[in-house]
Amino acid sequence: MEIILLASGSSGNCALIRAGHGSERTTLILDAGIAMRTARDLASQADCNLAFVDGVLLTHAHSDHCAKVVPLAARAKAPLWAHPDSLSPRSAASPKEIARRSVVHKPFESGQAFQVGSIQVTPVLLNHDAHPTHGFLFEADGEKAGFFTDTGTAEALTPDLLHGMDFLVLESNHDPDMLRNGRYPPFLQERVRGDLGHLSNQQAADVLSEAAPNTLRRLILAHLSERNNTSELALQCSMTALRSRGMTLMPEVAPKRGVLRVSSELPIEL
Ligand SMILES: [Zn+2]
Ligand SMILES: [Zn+2]
């Protein structure tokens, strides 16, 4: 299995999940909150044509995730997998827009696994201010991956959930001191750090100290705030947590825009 990160953060998110071989090869788009052209260009750098994907998955109804999921699904003639309540009438992924573009909506329920080609997908309900918001577990090719961003608390990310995981994409949104001393107005600071906001570096590190499995081969910190975080702070915090568990794994940061391949092969950043 391979996770290919194309965009991460509040200015837009997009990733690909690929698994299987030959006629069983399956490619899924996970969120699309960036321009179609940017998504296409980045995907082609990763040898993927977005017109030939098998499905599009939606985490939640914020525009940095949902803005282009419907047009991308329409172009690929692929179904859009989304929780019914994530298709907000006020969002770009509204039921009206889905009908207008003749996209097939495949509804999923929290915690109910489903199969798309060779990939088993389990939606995991997260605490965030677009309700519902989901992270996902992916299982394919004898490997297990988790993708969890946009969550104000980490209570869903239990040792049981992460058990046996090979690849983990985990939100590490902000440094609390930078947030407190930064330029965000108080109401926005409250939103970001609140239980329905985003995971801080320290909260991500707590997940790792409590639940990082020793099977983990790649850890990608994602959805970093541009104003209230730095890669160095996020990496340092997570690394300290991994070392406390005796793990020598080097965490990486998802690029705001760019191709980062996550698989059992050696890391290559294009
Ligand atoms: Zn987001
Ligand atoms: Zn969000």
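1. In which helix is the place of asparagine 181? Asparagine 181 belongs to helix H6, which covers residues 176-181; helices (H or I, at least four residues) and strands (E, at least two) are DSSP runs, numbered from the N terminus. Because asparagine 181 has 10 C-beta neighbours inside 10 Å, it counts as exposed; a residue is exposed if 12 or fewer other C-beta atoms, placed from the backbone, lie within 10 Å of its own, buried if there are 20 or more, and partly exposed in between. Between the C-alpha atoms of asparagine 181 and asparagine 228, which stand 47 residues apart along the chain, the separation is 8.9 Å.

2. This is a predicted model, in which local features need pLDDT of at least 70 and side-chain atom pairs count only at pLDDT 80 or more, while totals for chains, interfaces and linings use all residues. Residues are numbered from 1 along each chain as its sequence is written, and chains are lettered from A and ligands numbered from 1 in the order in which they are written.

3. Taken as a whole, the protein contains 9 helices and 14 strands. Its radius of gyration is 17 Å, close to the 18 Å that the globule rule gives for 270 residues, so the protein is as compact as a globular protein of that length; the radius is taken over C-alpha atoms, and the rule is 2.2 Å times the number of residues to the power 0.38. Of the 270 residues, 50% count as buried.

4. An open sheet of 7 strands, with mixed pairing, has the order E7-E8-E9-E10-E11-E12-E13; two strands pair if DSSP finds at least two bridges between them. Strand E7 (114-116) and E13 stand at the edges with a single partner strand each, so one side of each is left without a neighbour in the sheet.

5. Strand E12 (residues 218-222) deserves a careful look, since 5 of its 5 residues are buried, so the strand is largely enclosed by the rest of the structure. Arg218, Ile220 and Ala222 point one way from E12, whereas Leu219 and Leu221 point the other way.

6. On one pairing of E12, strand E11 (residues 167-171) joins it in the parallel sense over 5 bridges; phenylalanine 167 has arginine 218 as its bridge partner, and leucine 170 has leucine 221. Strand E13 (residues 252-253) also runs parallel to E12, joined to it by 2 bridges, and here isoleucine 220 stands opposite glutamate 252. The chain passes from E12 through helix H9 (residues 231-244) to E13 in a right-handed β-α-β crossover, meaning that, with the strands pointing away from the viewer, the path from the first strand over the helix to the second runs clockwise.

7. In helix H8 (residues 201-211), the buried residues include Asn201, Ala204 and Leu208, and the buried residues of H8 pack against E11, E12 and H9.

8. Leu6, Ile29, Val56 and Val69 touch the most other members among the 78 residues of the largest nonpolar core, a core being a set of buried Ala, Val, Leu, Ile, Met, Phe, Trp, Tyr and Cys residues joined through C-beta atoms within 7 Å. Leaving aside neighbours within four places in sequence, leucine 6 has contacts (C-beta atoms, placed from the backbone, within 7 Å) that include Cys14, Leu42 and Val259.

Definitions and conventions
Two residues are in contact if their C-beta atoms, placed from the backbone, lie within 7 Å.
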